[in-house]
Amino acid sequence: MASRRYTNFYLLMRLLRQARPYWPHLVALLVISFLATPLALLMPLPLAMVVDGLSGSKWVPGSWLLQQGTNSLTEVLVLAVVFLVGLSLLDQVQKLASSLLGTYVGEKTLLGFRAQIFRHVQRLSLGYHDTKGTADSNYRIHWDAAAIQWIAIYGLPPSSTACLTLVGMIYVTARINGQLALVALAVSPVLFLITFVASRRLRSGWEATKNLESTVYTVVQEVLTSLRVVKAFGQEDREHGRFVNHSGESMRARVGVALVEGIFGLLFGVTLAVGTGLVLFIGGREVSRGNLGIGELVLVMGYLAQLYLPVQVISKGIATVQNALASAQRVFELLDEAVEVTEKRDARPLRRAGGAVAFRNVSFAYNGDDFVLRGVSFGVSAGTRVGIAGATGAGKTTLMSLLFRFYDPTTGQILLDGVDLRDYKLADLRNQFSLVLQEPVLFSTTVAENIAYARPEATEDEIVEAAKAANAHDFIVNLSNGYQALVGERGVRLSGGERQRIALARAFLKDAPILILDEPTSSVDIKTEAVIMEAMERLMSGRTTFLITHRLGILASCDAQLELDAGGISSVTPPKSPIAADVT
């Protein structure tokens, strides 16, 4: 993956564009959040009313609700209590509404973003996944994608509300006493300077932390998916040490980020304390000189606490946003990774192919210069059974991967029924192939669902017929729940031969015109091989078949044989059916 560096503004705007389908909900959330501003402005009034009422001051906040000069202290206290309870109730209702709507919108937005990333990851070439592995993509989907939630829900509304509240507090404080308002604001430049410096350090710290956490995720996935090998070689302690080592690096990175946040919070708190102390000192002197009432000082101090609160929210939000932006950087790097195998805009539909395949001077390299295949050319007529042999690394599996368009040739053409594979619709093309691998891939669901993976809309009768054709029905019905039996992760509850027969049943059900069998009997015993071969004979009948194997008995049953060596065709066994090959 090419290294990219995005600006904070670019990442913020792109995240907000991602949330565009939910903008009406976000606007509603902002409106509800803004209701916190007038509530915050009114919160200090009850206390000021009580203080001025007790001190006998002529100016009582909220006196417009009272008859001037005719109200008792009891009435003032009652009104203050009513104000306090009413404001608290409204404040809690506002917070509840904001929380419920925020959670709903946040989860919907996150689900949509994750789904988009997951779809894109599936479209990326196998070459990308072979290079980067799956754990890093997994981490970005599950953890980094939450950046959109942190920005759109936990970042934008609180920060916008804090800014509005800040403006309101400055205005009200200035109306009460302009001098004290200026003193309170004098520390603001220092606060924003601290925030600016800290945010840069936090961004780089979070990026390093997430890269290290992704490495830990990779270690866990590798070990848990290879647990039998780990146990067989007694390497539990070694893998534990590897996990602890990488986790330790991640922990130290997180501690470093926490240290920056802690110093940031310390400097912030001290600066706020200095500002509050100055206001208290100057305000106290003004009260002693008779220039300011006690209630006014209490009100100013209450507003000052409210004034600094949105500043703290904004500053802490900036620290949190740096975490989210580090995640957003990683997500958009993944989304911007180019899809190497693309479909033409005017691609041809393909309902069912005849099955004639031709390679024309095909060369292929995974990394651009280290060629796995060189100048391969041959032609196969529909219905031909072709055996492919060759040493490990000769390019046999790569040859078949090119047929599926898992990759495109570096040079040359591959034709299906005389048409370049790149001219077909990608989904239609891949629907022409059935694949049975040496290690069958099963999903952790039921036997029936694994067979129907080829055709999810298949009926129960069709699934059973496919299983019978693959010689799988008898062992399936003897399972505890028959076709509804769970096979376990990667089919671990079944034997190798049973997994292979389910894979064959899947191929029978798909009924594709071209069949690719990659060492289908290499990991089973002779008795099971005979059962599988009987099913394979039925499956290959009438289909163009490419059979990769080292078994001479199986190769002898093929119409023609290709021998691959060092990425080229070294020999061709005369075919029983029409086949043409250029030996390169």
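**Pockets and packed helices**

Modeller: Happy to, and keep in mind that this model is predicted. Let's begin with a pocket: H5 gives the largest share of the lining of the second largest pocket, seven residues.

Colleague: How much space lies in the second largest pocket, and which residues are closest to its centre?

Modeller: You'll find about 620 Å³ of space in there. It is lined by 24 residues, and Ala36, Gln94, Lys95, Pro158 and Thr161 are the closest to its centre. Besides H5, the elements giving two or more residues are H2, H3, H9 and H14. By class, the lining divides into 13 nonpolar, nine polar and two charged residues.

Colleague: And what about the largest pocket, which helix gives the most to its lining?

Modeller: That's H7, with five residues. The largest pocket holds about 2,300 Å³ of space. Its lining counts 49 residues, with Gln122, Leu126, Val441, Phe443 and Tyr453 nearest the centre.

Colleague: Now helices. How do I read two that pack together?

Modeller: You describe two packed helices by the angle between their axes and the distance between those axes. Here, H11 and H13 pack at about 165 degrees, with their axes 9 Å apart. An angle over 145 degrees counts as roughly antiparallel, so that's what H11 and H13 are. Their contact has 19 nonpolar, eight polar and eight charged residues.

Methods. Residues numbered from 1 in each chain as written. Predicted model: local features only at pLDDT ≥ 70, side-chain atom pairs only at ≥ 80, totals over all residues. Heavy atoms only, no water. Axes fitted to C-alpha atoms, helices over the stretch in contact; angles between N-to-C directions. Helix = DSSP H or I, 4+ residues; strand = E, 2+ residues; numbered from the N terminus. Parallel < 35°, antiparallel > 145°, perpendicular 65-115°, else oblique. Nonpolar A, V, L, I, M, F, W, Y, C, P; charged D, E, K, R; others polar. 1 Å grid on protein atoms, 1.4 Å probe; cavity = no way out; pocket = protein on both sides within 12 Å on 5 of 7 lines; lining within 4 Å. Points joined across faces, edges and corners; volume = space filled by probe spheres on them.
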